Every structure is written in structure tokens, then in C-alpha cells.
Amino acid sequence: TKRLVTPALLAALWARDKACTFPNCGRPPQWTDAHHVKHWIQGGPTALLNLALLCGYHHTWVHQHDLTATVTAHDVTWQT
């Protein structure tokens, strides 16, 4: 029911993703945002299995190109 990522959830994202999850990027987690794979406004939950770390550049890219990803407890795979 909340859009913003809690500190605990952000720590879990950093531990799982370790960097920007866009293929071949790897910018460190300090340079990333938590992205809702299924948009929050469309009912996507603010939960680990619906979030992925993206750097600012790739966060914009994903929105501009309406990309989606498969998220598991261990990784994120983008459909590019």
C-alpha cells in the first residue's frame, strides 16, 4: 500500500542486486534507484519481487521503452 521503499527493503535490494540490474551496466547500488517492475500506479506492490535497482540512465531508458523484467529472489532479468 506504500510506494516508497523502506530502508530495510532497500538493504535487501542492495544485497540481492549488488548494482544496476540493466545488462552490462554494473553501476554501484549507491548510484541506483529502486524501480517498480509492475508500476505502483497499476497495482504493483512495493515488494522485493517487484523491485529492481536501476541507475538513473537505465531507469529512464526502461520507462521510455516500456521494458519489463523477471524478478526472482536471487536476480533480475530484463527483457530487452
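Author: Two strands pair if DSSP finds at least two bridges between them. Strands (E, at least two residues) and helices (H or I, at least four) are DSSP runs, numbered from the N terminus. The model is predicted, so local features need pLDDT of at least 70 and side-chain atom pairs count only at pLDDT 80 or more, while totals for chains, interfaces and linings use all residues. Residues are numbered from 1 along each chain as its sequence is written, and side-chain values use heavy atoms, with hydrogens and water left out.

Reader: What makes E3 and E4 a pair, and in which sense do they pair?

Author: Strand E3 (residues 68–71) and E4 share four bridges, and pairing needs at least two, so they count as paired, in the antiparallel sense. A hairpin of four residues joins E3 to E4. Within this pairing, Thr70 has Thr77 of E4 as its bridge partner.

Reader: What joins the side chains of His35 and His59?

Author: A polar contact of 3.2 Å joins them. The term requires a pair of N or O atoms within 3.5 Å; within protein, one must be able to donate a hydrogen and the other to accept it, and residues adjacent in sequence count only if both atoms are side-chain atoms. His59 itself is found in helix H2 (residues 56–64). At a relative accessible area of 16%, His59 is therefore buried. Beyond its neighbours within four places in sequence, His59 is in contact with Asp33, Ala34, His35 and Leu54.

Reader: How are Gln42 and His39 classed by accessibility, and why?

Author: Gln42 has 53% relative accessibility and so counts as exposed, whereas His39, at a relative accessible area of 25%, is therefore partly exposed. Gln42 lies in the loop between strand E1 (32–36) and strand E2 (51–55), and His39 also lies in the loop between E1 and E2. Apart from its neighbours within four places in sequence, His39 is in contact with Gly44 and His63.

Reader: What is the overall pattern of the chain, and why is the chain called as compact as a globular protein of its length?

Author: The protein chain has two helices and four strands, in the order α-β-β-α-β-β along the sequence. Its radius of gyration is 11 Å, close to the 12 Å from the globule rule for 80 residues, so the chain is as compact as a globular protein of that length. That radius is taken over C-alpha atoms, and the rule is 2.2 Å times the number of residues to the power 0.38. The C-alpha trace spans about 30 × 25 × 20 Å along its principal axes. Of the 80 residues, 36% count as buried.

Definitions and conventions
Buried < 20%, exposed > 50% of the residue type's maximum accessible area, 1.4 Å probe, protein only. Contact = heavy atoms within 4.5 Å.
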